[in-house]
Amino acid sequence: MHDLSHPIEPGMQIYPGDPAVTVDPAMTHERDGVRVSRLTCGSHAGTHVDAPAHTERDGRTFGAYDVAAFVRDAITVDCRDLDDRAPIPADRVPATDADCVVFRTGWDAHWGTDRYRDHPYLSPAAARRCADLGVAVGIDALSPDPTPPADATGDGTENDPAVPAHRALLGAECLIFENLANLEAVPERFELRAYPLALDADGAPVRAVGCDPDVSPDG
């Protein structure tokens with residue numbers, strides 16, 4: 001079993017405009033006899049999963065999903081040859097009997113830096129192909145769409161805050177797992193277990209774990 005998650009910690013990298021992550025002491029051993037932390041974050045903090053309600057007005061939230069929806073037969077697609085802000089073409093999306101395609105860009109190496117925003121992303125055609133296949137999508141980057149700077153103007157360029165990949169995938173009820181890490185640890189075909197918090201919301205942090213095919217559900 002391999003941990004594919006970034007740790008949740010104060011000041012961690014977030015998508016531009018999302019709520020900052022804070023972890024503060026709410027109770028202490030010295031004052032209260034126990035330690036309790038107060039966590040503040042957005043629903044898309046760190047390694048997380050998007051529900052259709054994230055971009056679709058009438059999309060489902062997590063309350064509509066059985067827990068089994070977050071265990072996926074995944075296949076990785078190596079995209080480490082792509083440059084900054086390069087679109088992943090549709091012909092990289094394999095015909096597969098897996099129910100999740102995970103795009104390995106290698107961009108998790110840039111986590112916590114400005115360059116992390118400059119990740120490769122799914123071209124609209126690649127996103128539509130995934131939607132047509134009915135597969136969930138994972139990526140070791142902030143988003144399957146290009147990440148705009150905080151001052152994006154919506155001018156129709158690659159910095160436009162529009163999210164065509166999200167709309168194609170979530171509009172087809174294909175879940176999206178973002179900010180995965182450590183994909184070099186898993187084989188090309190693996191089981192992705194990424195359970196969200198029990199939160200009826202548009203997204204939620206997950207502890208993503210990649211399991212080799214011969215690992216039983218009890219480890």
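Colleague: If Ala, Val, Leu, Ile, Met, Phe, Trp, Tyr, Cys and Pro count as nonpolar, Asp, Glu, Lys and Arg as charged, and the others, Gly among them, as polar, how do the residues of the lining of the largest pocket divide?

Modeller: The lining of the largest pocket divides into 3 nonpolar, 7 polar and 3 charged residues. Please keep in mind that this is a predicted model, in which local features need pLDDT of at least 70 and side-chain atom pairs pLDDT 80 or more, while totals for chains, interfaces and linings use all residues. Residues are numbered from 1 along each chain as its sequence is written, and side-chain values use heavy atoms, without hydrogens and water.

Colleague: Which residues lie nearest the centre of that pocket?

Modeller: Tyr-15, His-54, Ser-143, His-166 and Glu-178 lie nearest the centre, out of 13 lining residues. Here a pocket is an open set of points on a 1 Å grid where a 1.4 Å probe fits, with protein on both sides within 12 Å along at least five of seven lines, and lining residues have an atom within 4 Å of a point.

Colleague: Changing topic, how many aromatic pairs turn up?

Modeller: A search of the whole structure finds 4 aromatic pairs. One of them is formed by Phe-62 and Tyr-65, which are edge-to-face with their centres 6.5 Å apart and 65° between the planes. A pair needs ring centres within 6.5 Å, and planes over 60 degrees apart count as edge-to-face. Phe-62 also pairs with Phe-70, and because those centres are 5.7 Å apart and the planes stand at 80°, that pair is edge-to-face too.

Colleague: Which residues form one aromatic cluster, then?

Modeller: Phe-62, Tyr-65 and Phe-70 form one cluster.

Colleague: And is Phe-62 buried or exposed?

Modeller: Phe-62 is buried, with a relative accessible area of 6%, and Phe-70 is buried as well. Tyr-65 has 14% and is likewise buried, the word meaning under 20% relative accessible area, with exposed over 50% and partly exposed in between.

Colleague: How many salt bridges does the structure hold?

Modeller: The structure holds 11 salt bridges, each being a side-chain nitrogen of Lys or Arg within 4 Å of a carboxyl oxygen of Asp or Glu. In one of them the side chains of Arg-167 and Glu-56 meet at 2.6 Å, N to O.

Colleague: Why would you say that the pair ties together parts that are 111 residues apart in sequence?

Modeller: Because Arg-167 lies in helix α3 (residues 164-171), whereas Glu-56 lies in the loop between β4 (48-50) and β5 (71-78), the pair links parts 111 residues apart in sequence. Helices, of at least four residues, and strands, of at least two, are DSSP runs. Glu-56 is buried at 15% relative accessible area, whereas Arg-167 is partly exposed at 45%.

Colleague: What about Arg-189, which residue does its side chain meet in a salt bridge?

Modeller: Arg-189 meets Asp-97, with 2.8 Å from N to O. Since Arg-189 sits in strand β11 (residues 189-196) and Asp-97 in the loop between β6 (87-88) and β7 (100-104), this pair ties together parts that are 92 residues apart in sequence. Asp-97 is exposed at 64% relative accessibility, and Arg-189 is partly exposed at 30%. Asp-73 joins Asp-97 and Arg-189 in a network of salt bridges.

Colleague: How far apart are the closest N and O atoms of Asp-32 and Arg-31?

Modeller: Those atoms are 3.0 Å apart, and the two residues form a salt bridge. Arg-31 is exposed, with a relative accessible area of 58%, while Asp-32 is partly exposed at 33%.

Colleague: Something else, what is phi of Arg-85?

Modeller: Phi of Arg-85 is near 55°, a positive value in a residue other than glycine. Arg-85 is in the loop between β5 and β6, and is buried at 14% relative accessible area. Asn-182 has a positive phi near 60°, again in a residue other than glycine, and belongs to the loop between β10 (176-178) and β11. Asn-182 is partly exposed, at 25%.

Colleague: Last one, where is Pro-146 found?

Modeller: Pro-146 is in the loop between β9 (136-139) and α3, and is buried, with a relative accessible area of 11%. The C-alpha atoms of Pro-146 and Ala-74 are separated by 23 Å, the two residues being 72 residues apart along the chain.

Technical notes
Phe/Tyr/Trp six-rings, centres within 6.5 Å; stacked < 30°, edge-to-face > 60°. Buried < 20%, exposed > 50% of the residue type's maximum accessible area, 1.4 Å probe, protein only. Nonpolar A, V, L, I, M, F, W, Y, C, P; charged D, E, K, R; others polar.
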